[in-house]
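Visitor: I would like to learn how to read a structure like this one. Could you take me through it, one feature at a time?

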Amino acid sequence: MQLCKCWQVEHGKGICFGTREKDPCSCNGDEGNCDFYDYIRKRKEKNYMTPEDYLMQVKDIDLRIKSLDGELHDAEAVDDTEYAEELRERIKRDLVKYKELKLRIRDEIQQIGDHRLSTLLTEYYIRGKTWEQVAEAIGMKSVKNTRENLRAAALKKFAACFPKYFL
């Protein structure tokens with residue numbers, strides 16, 4: 001299942017934040033069941049990722065590890081040693097994947113050739129910086145321009161370097 005970043009639950013009902021009106025949505029967070037966008041459903045059929053989906057894998061694994069770590073803390077607090085040990089094993093496995101993925105994507109980002117754009121991608125997707133911090137790191141005054149225009153240029157350049165990954 002490809003997680004839909006637009007789907008949220010409000011008052012016990014699924015809502016699509018990808019629509020201006022925040023319409024009710026029954027996809028249950030699975031992009032392949034999107035109620036509104038045909039091109040999103042087709043991504044699942046073709047096992048397709050956008051450049052941003054590809055880069056977001058690092059942030060997604062990082063969030064998963066943090067969540068598991070919180071769960072581990074809870075299990076240790078109630079002395080559930082069996083569950084805590086299982087969580088430790090999962091965290092170890094995810095950390096290995098996380099490090100490998102992070103290093104691979106970092107190396108791929110460096111191949112785009114434009115230092116400002118590669119710094120933007122690294123700071124945001126690999127290092128988890130905010131757009132304000134990214135703009136400062138690359139010497140931009142406008143956070144909005146960095147987030148919207150330069151990010152789009154960086155993702156386009158990244159996709160062009162790796163046509164085997166993206167349509």
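**A pair of side chains, then outward**

Guide: Start with one atom pair: the side chains of E108 and Y54 are joined by a polar contact of 2.6 Å. A polar contact is a pair of N or O atoms within 3.5 Å; within protein, one must be able to donate a hydrogen and the other to accept it, and residues adjacent in sequence count only if both atoms are side-chain atoms. This is a predicted model: local features need pLDDT of at least 70, side-chain atom pairs count only at pLDDT 80 or more, and totals for chains, interfaces and linings use all residues. Residues are numbered from 1 along each chain as its sequence is written, and side-chain values use heavy atoms, with hydrogens and water left out.

Visitor: In which helix is E108 found?

Guide: Helices are DSSP runs (H or I, at least four residues), as are strands (E, at least two), and both are numbered from the N terminus. E108 sits in helix α3, residues 81-110.

Visitor: Is E108 buried or exposed?

Guide: Buried means under 20% relative accessible area, exposed over 50%, and partly exposed in between (1.4 Å probe, protein chains only). E108 is at 5%, so it counts as buried.

Visitor: What does E108 touch?

Guide: Contact means heavy atoms within 4.5 Å. Setting aside residues up to four places away in sequence, E108 touches Y54, F158, F162 and Y165.

Visitor: And D94? Is D94 buried or exposed?

Guide: D94 also lies in α3. Its relative accessibility is 5%, so D94 counts as buried. Beyond its neighbours within four places in sequence, D94 is in contact with I61, R64, I65 and L68.

Visitor: How many residues does α3 have, and how far does α3 reach?

Guide: The expected span of a helix is 1.5 Å times one less than its number of residues. α3 has 30 residues; from first C-alpha to last it reaches 43 Å, close to the 44 Å expected.

Visitor: Which residues of α3 are buried?

Guide: First, the general idea. An α-helix has 3.6 residues a turn, so residues three or four places apart point the same way. In α3 the buried residues are A84, L87, I91, D94, Y98, L101, I105, E108 and I109. Their cover includes α2 (51-77), α4 (115-126) and α6 (143-161).

Visitor: Where does α2 bend?

Guide: The bend at a residue is the angle between axes fitted to the seven residues ending there and the seven starting there. For α2, the bend is about 35° at Q57. The buried residues of α2 include D53, Y54, L55, I61, I65 and L68. Just after α2, D79 takes a positive phi of about 60°.

Visitor: At what angle do α2 and α4 pack?

Guide: Axes are lines fitted to C-alpha atoms, for helices over the stretch in contact, and angles run from 0 to 180 degrees between N-to-C directions. Under 35 degrees counts as roughly parallel, over 145 as roughly antiparallel, 65 to 115 as roughly perpendicular and the rest as oblique. α2 and α4 pack at about 50°, with axes 8 Å apart. They are therefore oblique to each other. E52, L55, M56, V58 and K59 of α2 make the contact with L121, Y124, Y125 and I126 of α4.

Visitor: At what angle do α4 and α6 pack?

Guide: About 105°, with the axes of α4 and α6 9 Å apart. That makes α4 roughly perpendicular to α6. On the α4 side are R116, L117, L120, L121 and Y125; the α6 residues they meet include L150, A154 and F158.

Visitor: How many residues of α4 are buried?

Guide: 9 of its 12 residues are buried, so α4 is largely enclosed by the rest of the structure. The cover over them includes α2, α3, α5 (131-137) and α6.

Visitor: What caps the N-terminal end of α4?

Guide: D114 does, with a side-chain oxygen 3.0 Å from the backbone nitrogen of R116. Just after α4, G128 takes a positive phi of about 70°.

Visitor: Where is N28 found?

Guide: In the loop between β2 (13-16) and α1 (38-45). N28 is exposed, with a relative accessible area of 56%. N28 and K13 are 15 residues apart in sequence, and their C-alpha atoms are 9.5 Å apart.

Visitor: How many helices and strands does the protein chain have?

Guide: 6 helices and 2 strands. From the N terminus on, they run β-β-α-α-α-α-α-α. Buried residues make up 35% of the 167 residues in the protein chain. Of the contacts with a separation of 6 or more, 46% come from residues 24 or more positions apart.
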